[in-house]
Amino acid sequence: MVPNDKNLADVLDPESEDKLLADPVKIFLADNIINTPEDLMNTKPGGIYALGADITLPADYAPVDFAASLDGDGHTITLTGNKGLFNKLINASVKNLTIN
């Protein structure tokens, strides 16, 4: 999947300075790129996701049940409240992610 604000030529450009676009395989394997807390809260069961940027979750963030695959791609999710990132992991995988 090509992000909405990019075209195929940009994604396939190996000279791209955008770290996310530097690896087009992750773009095409991921159902969606997560760039905001809202993106994270709107994941669908069985989906394949990649984190496209570091994100900070607001203090009122409500942890979600996560039943998908998430590649953090070396990015960080920062929690500002006293809750966890996920309520439950259900047949899920999470890799390459830092949680602060």
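The model is predicted, so local features need pLDDT of at least 70 and side-chain atom pairs count only at pLDDT 80 or more, while totals for chains, interfaces and linings use all residues. Residues are numbered from 1 along each chain as its sequence is written, and side-chain values use heavy atoms, with hydrogens and water left out. The protein has three helices and nine strands; helices (H or I, at least four residues) and strands (E, at least two) are DSSP runs, numbered from the N terminus.

**Overall make-up**

- Along the sequence, the elements follow the pattern α-α-β-α-β-β-β-β-β-β-β-β.
- The protein has 100 residues, of which 33% count as buried; buried means under 20% relative accessible area, exposed over 50%, and partly exposed in between, with a 1.4 Å probe and protein chains only.
- The accessible surface is about 5900 Å², and carbon and sulfur atoms hold 51% of this surface. Accessible areas come from the Shrake-Rupley method with a 1.4 Å probe, and for residues only the protein chains shown count as cover.
- Among contacts in the protein with a separation of 6 or more, 26% are between residues 24 or more positions apart; contact means heavy atoms within 4.5 Å.

**The four-stranded sheet**

- An open sheet is formed by four strands in the order β1-β2-β5-β8, with parallel pairing. Two strands pair if DSSP finds at least two bridges between them.
- At the edges are β1 (32–34) and β8, each of which pairs on one side only.
- From one strand to the next, the twist averages 20 degrees; axes are lines fitted to C-alpha atoms, for helices over the stretch in contact, and angles run from 0 to 180 degrees between N-to-C directions.
- Three bridges link β5 and β8 in the parallel sense. Asp71 has Lys95 in β8 as its bridge partner.

**Pairing around β6**

- Strand β3 (residues 55–57) runs parallel to β6 and is joined to it by three bridges. Here Ile55 stands opposite Ile77 in β6.
- β6 is also joined by two bridges to strand β9 (residues 98–99), again in parallel. In this pairing Ile77 stands opposite Ile99 in β9.
- Thr76 lies in strand β6 and counts as buried, at 16% relative accessibility. Apart from neighbours within four places in sequence, Thr76 contacts Leu51, Asp54, Ile55, Thr98 and Asn100.

**Positive phi in loops**

- Asp73 is not a glycine, yet its phi is positive, near 50 degrees. Asp73 sits in the loop between β5 (69–71) and β6 (76–79) and is buried, with a relative accessible area of 13%.
- Asn91, also a residue other than glycine, has a positive phi of about 50 degrees. Asn91 sits in the loop between β7 (86–89) and β8 (93–95) and is exposed, with a relative accessible area of 81%.

- One cavity of 30 Å³ or more is found in a search of the whole structure. On a 1 Å grid over the protein atoms alone, a cavity is a set of points where a 1.4 Å probe fits but cannot get out.
- The largest cavity holds about 40 Å³ of space. Grid points are joined across faces, edges and corners, and a volume is the space filled by probe spheres set on the points.
- The lining of the largest cavity consists of Leu57, Pro58, Ala59, Tyr61, Leu79, Gly81, Asn82, Lys83 and Gly84; lining residues have an atom within 4 Å of a point.

Technical notes
1 Å grid on protein atoms, 1.4 Å probe; cavity = no way out; pocket = protein on both sides within 12 Å on 5 of 7 lines; lining within 4 Å.
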